[in-house]
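Hi everyone, and thanks for coming along.

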Number of protein chains: 2
Amino acid sequence: MSVKQTDGTAQPHHDANASYPGVGLVTTHSVALFPAENPLTLTSGTQLTNITVAYETYGTLNVSRGNAIFVCHALTGDAHAAGWHTSDRRPGWWDELIGPGKAIDTNRWFVVSPNLLGGCQGTTGPASENPDTGTPWGLDFPLLHMRDFVTLHRELSHQLGVERYHAVVGGSLGGMQVLQWALDFPEDMVNAVVIAASSRLTAQNIAFSAVGRQSIMTDEHFHGGQFAAHAHTPRVGLAIARMMAHITYLSEPAFAEKFGRSSAHDSSAPGFGADFAVESYLDHQGEAFLDRFDALSYLYLSRVMDYFDPFASLGALDKLRAHPVNFCVVSFNSDWRFGTNHSRGIVRALAPSGTPITFRTIDAKWGHDSFLMDIPEYSDTLRQFLRASEQRYPVADDTLRADLKRVAALIPAGSKVLDLGCGEGDLLAHLIQNEHCNGTGVERDSLAVLSAIARGVPVMELDMDTQLSEFPNDSFDVVVLSRTLQAVLHPVEVLTQMKRIAGKLIVTMPNFGYWRHRITLLGGHMPRSKDLPYEWYDTPNLHHSTLPDLESLFAQLDLKVARYIPLSATAQPVWLPHRAANLLAGSAIYLLTV
Amino acid sequence: MSVKQTDGTAQPHHDANASYPGVGLVTTHSVALFPAENPLTLTSGTQLTNITVAYETYGTLNVSRGNAIFVCHALTGDAHAAGWHTSDRRPGWWDELIGPGKAIDTNRWFVVSPNLLGGCQGTTGPASENPDTGTPWGLDFPLLHMRDFVTLHRELSHQLGVERYHAVVGGSLGGMQVLQWALDFPEDMVNAVVIAASSRLTAQNIAFSAVGRQSIMTDEHFHGGQFAAHAHTPRVGLAIARMMAHITYLSEPAFAEKFGRSSAHDSSAPGFGADFAVESYLDHQGEAFLDRFDALSYLYLSRVMDYFDPFASLGALDKLRAHPVNFCVVSFNSDWRFGTNHSRGIVRALAPSGTPITFRTIDAKWGHDSFLMDIPEYSDTLRQFLRASEQRYPVADDTLRADLKRVAALIPAGSKVLDLGCGEGDLLAHLIQNEHCNGTGVERDSLAVLSAIARGVPVMELDMDTQLSEFPNDSFDVVVLSRTLQAVLHPVEVLTQMKRIAGKLIVTMPNFGYWRHRITLLGGHMPRSKDLPYEWYDTPNLHHSTLPDLESLFAQLDLKVARYIPLSATAQPVWLPHRAANLLAGSAIYLLTV
């Protein structure tokens, strides 16, 4: 496979085995924004003018201008997200995810990727010339805020003629930019994808950055930031900072798999050099970084992250309440820099706005760096989420399971519904499309989650036993728990959480008191049936109950039974007097009120 | 409270609220070992002579010389483990645990604490004078191995007249010294306490140390290690190394609790100084460290840890097989430097030796630094473990629960027994004391674990559902699972593991088919009885079974029923024909063979 260079000669593909060609050769463009008569006023009040922005685009903007996706890069990224750069043929930092047929499919989407303000790869930053002095800014460059990045991104978008993005997407610091933008100007986007990010760094996060900055600023060649005027740059300090940060980007298992305790290739006698492979790798990481990154940008951009705390502002959610954005928040279970706790913090903070949120924790071993990689579960999630609004399909009523039809009939049109154990989102898809409801599912099976995402159902990958605290009090009208109470570890805790989250509860539960079950036990064996299809030792059903025992628990939790629908062993609604139901019903649906 | 100074004046106690006075004022002693005619041959083959060792002792060696405890310090520790130093009144690094009435009780034990070889606080190290040149060794000091520390510790012990320690105790690098010593000279100790240690650093562990060393060695004032001859030391590099290492000593929650995102007291305008409290704390940590530690010792001692891999040696366990040592391996659940995985690695590696092992994971939020603190669960564990061999008490047969008596009767004298869900160790204590058995319990309830430790029963705090892989194949004669199978999440997996670990299995299980249970369900309610005393929704019993259903599972797993003892609802053995048992027995004991 080969691609045409601009000069017409064939150039080998950087990965000849890739299933899809990349976006080909690309050039970084440059545009000057904020002329003297229209300065950029930073959050700090300082004004900047004549800001140069480096950016790239991939794919084609369609006529309706509705297929644009904006990509925000991380701390040490740049505008070159995909393809081979015309200048030096280097690949893009997000080639794994951006390209024809890839998760961010350039056959479908028009992708915009700039270098951010304060950066050092084409956009104005502290290494740029201070117009007042004619020398590099150094530490005289004004301190930046996440909002300042957004201001520049919006100006660039206007320049490119994009008023509203199909999605704004970013990982790590990039995800924080997405979050700030979605909170401040939700009308600018349909979807927001926030990957491996944080809305509030922890003391430990800040500590790692602080030591990196110390290392740079105590370097003998730092010269108070004016090192450009001297023969040397603070290489040693910057390399140490990079090496240390790099440790935090990989998980411990990833390090173990990559290096274990093997010796470095060029290691001779034991000593204090690079004896182990991991040491030689880190040396290389530090060294390679010096060629492409500026110590001052490292200080400025890392400091923006330290101070980022968007939900602390009064009324932070007001705009989002008026203009909901479809959020997709993604974390990786081996990420210990901005791990799942950070992403769950974002979800918790967004939830009171009522904006639709999809949340996933991807099983990936590469730590924080996972966001750069083509991990199928992750790239499928992005692909399906980005395409969902195009491909939502109606669920015909007759494909809905019989018991779910009865559940649906109990839910008033227009309700806000939380469906615990939503599976592929059948019930919610039906309610959203036919009953003007909105809602969110909770599911742990990762294939089911992906199906729900593909059909546009907001879904959260959470553990019902321990993570329902994510949902604010009274944040839903109805909460549904269908054939799941028996499979949770702590039924009382789950019901208590449901009661807190919504005023109406719908619970469906298999009946251990069903006559066939009684007869089987009478015969000395553990019951099995269509409703309880498993062997005693491998059943996911951890807590069995008969209907009266279930009703006792409801009463104990002050839950009133407003409706009660016994179902036959084939899950068909049957008319049964209450007393007979415990004998004859295979399961039952309860509508409960608080 | 006050203590007498040596000059007779009263001096305020360093913590006036402490329940116990400390060990009082102490002096560091110094002794010269390995004279020219008897040099120390290092593992590397290099010889050293006239080694000065700094050490302290607390408490009094008794006449039988059987009450000595040797304490090994961590990377940056020193000989001053407890009390107030006569020179500057500074407290000891392990005052929390060493003192009269404390976990390492100086009223009872005679404690020896040296500064280790290569250190910089009184013992010969790279900052000492090289006799060949008359100048400090610098990087000409020979590389060290964990074994070299042990050689020096043993020589010091002979000097002090201690041939066998009641215990050798250490945390972190100290724990590694204990492990090496116990493997090489198990006859030197009764007990070995290995806290928050590792037997094999991961690539990530090495990476953190490597960046710290890089920071020191790239400091402009390092001068190839000969900085003593210059005006400056590599202060900046050493401070950065310390700051970074310090982040890894604390857990993220500990950082959050200590600092959160609060501002530094002296913070003025935002910038690149110590804006956040955590930054100012780290600055202080780096600075304070410079007064007491030498950059070269940091290089040498950290490198010993990188290369430590004692179980990789052929026959590493041979000596321990001949001379069992009672091990107590302790980790802290928030430690991410040498966390529970490292301690479990040590347990797994020791297990094939058959040496008795007690293993605990202490719930503590302070990360790796937890080993320095007086956390009740932790200090109680040390206290009870150290005292256990003195206070073992026999369990009179009649205090043993009726069903356990029947279980005990099925176990041949002299067997090696693994008791899963051992509680306070009643069964094992009985078997060990009356039947010449040896064995280990597995338990998760932390109070029960402590009771077992107190009576000298080796016990491992493990999760039965996921962590039985810790035990090697066929490492026990009999494995017992008493009234616990119904409470595990994965009964099949647990039975499969049991089958792998021992040739004989004893399983006791409540019978869901007991006639009262059948009648209750026939009446439409979930059963409760003495054997199943819980409500359906809060029961720890997740998998119910009748006796025939249980027997089907045994058959499916190729487990043969060698004996079968039905018990009445009051857990008394009853004679019942097999068919009647499922109706009339409240529970049953099975002896199974593979």
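Let's begin with Ser172(A), which is found in the loop between strand S13 (165-171) and helix H2 (173-184) of chain A. When I say helix or strand, I mean DSSP runs numbered from the N terminus, with at least four residues (H or I) for a helix and at least two (E) for a strand. Before we go further, this is a predicted model: local features need pLDDT of at least 70, side-chain atom pairs count only at pLDDT 80 or more, and totals for chains, interfaces and linings use all residues. Residues are numbered from 1 along each chain as its sequence is written, while chains are lettered from A and ligands numbered from 1 in the order in which they are written.

Back to our serine. Is Ser172(A) buried or exposed? Ser172(A) has 26 other C-beta atoms within 10 Å, so it is buried. The rule goes like this: 20 or more other C-beta atoms within 10 Å of a residue's own makes it buried, 12 or fewer makes it exposed, and anything in between is partly exposed, with C-beta atoms placed from the backbone.

Now look at the backbone. Most residues other than glycine have a negative phi. Ser172(A) is not a glycine, yet its phi is positive, near 60 degrees. Ala196(A) is another non-glycine residue with a positive phi, about 50 degrees. You'll find Ala196(A) in the loop between strand S14 (189-195) and H3 of chain A. Ala196(A) is buried too, because 31 other C-beta atoms lie within 10 Å.

Next, please find strand S15 (residues 326-332) of chain A. How many of its seven residues are buried? The count is seven of seven, so this strand is mostly covered. In a regular strand the side chains alternate between the two faces of the sheet. For S15(A), one side carries Asn326(A), Cys328(A), Val330(A) and Phe332(A), and the other carries Phe327(A), Val329(A) and Ser331(A), with all of them buried.

What about the neighbours of this strand? Two strands pair if DSSP finds at least two bridges between them. S14(A) and S15(A) run parallel and are joined by five bridges, and here Ala192(A) stands opposite Phe327(A). S15(A) is also joined to strand S16 (residues 357-362) of chain A, again parallel, by six bridges. In that pairing, Val330(A) has Arg360(A) as its bridge partner. Together with helix H9 (residues 340-350) of chain A, S15(A) and S16(A) make a right-handed β-α-β unit. Right-handed here means that, with the strands pointing away from you, the path from the first strand over the helix to the second runs clockwise.

Let's hop over to chain B. Strand S14 (residues 189-195) of chain B has six of its seven residues buried, so it is largely enclosed by the rest of the structure. Strand S13 (residues 165-171) of chain B runs parallel to S14(B), and six bridges join them. One bridge pair to look for is Val169(B) with Val193(B). S14(B) also pairs in the parallel sense with strand S15 (residues 326-332) of chain B, over five bridges, and Val194(B) stands opposite Val329(B) there.

Staying in chain B, let's look at two helices. Helix H3 (residues 203-217) and helix H4 (residues 235-249) of chain B pack at about 165 degrees, with their axes 7 Å apart. The axes are lines fitted to C-alpha atoms, for helices over the stretch in contact, and angles run from 0 to 180 degrees between N-to-C directions. H3(B) and H4(B) are therefore roughly antiparallel to each other; the scale is under 35 degrees for roughly parallel, over 145 for roughly antiparallel, 65 to 115 for roughly perpendicular, and oblique for the rest.

Last stop: where the chains meet. The contact takes 59 residues from chain A and 59 residues from chain B, and residues are in contact if their C-beta atoms, placed from the backbone, lie within 7 Å. Which helix gives the largest share of chain A's side? That is H3(A), with eleven residues.

Terms used. Contact = placed C-beta atoms within 7 Å.
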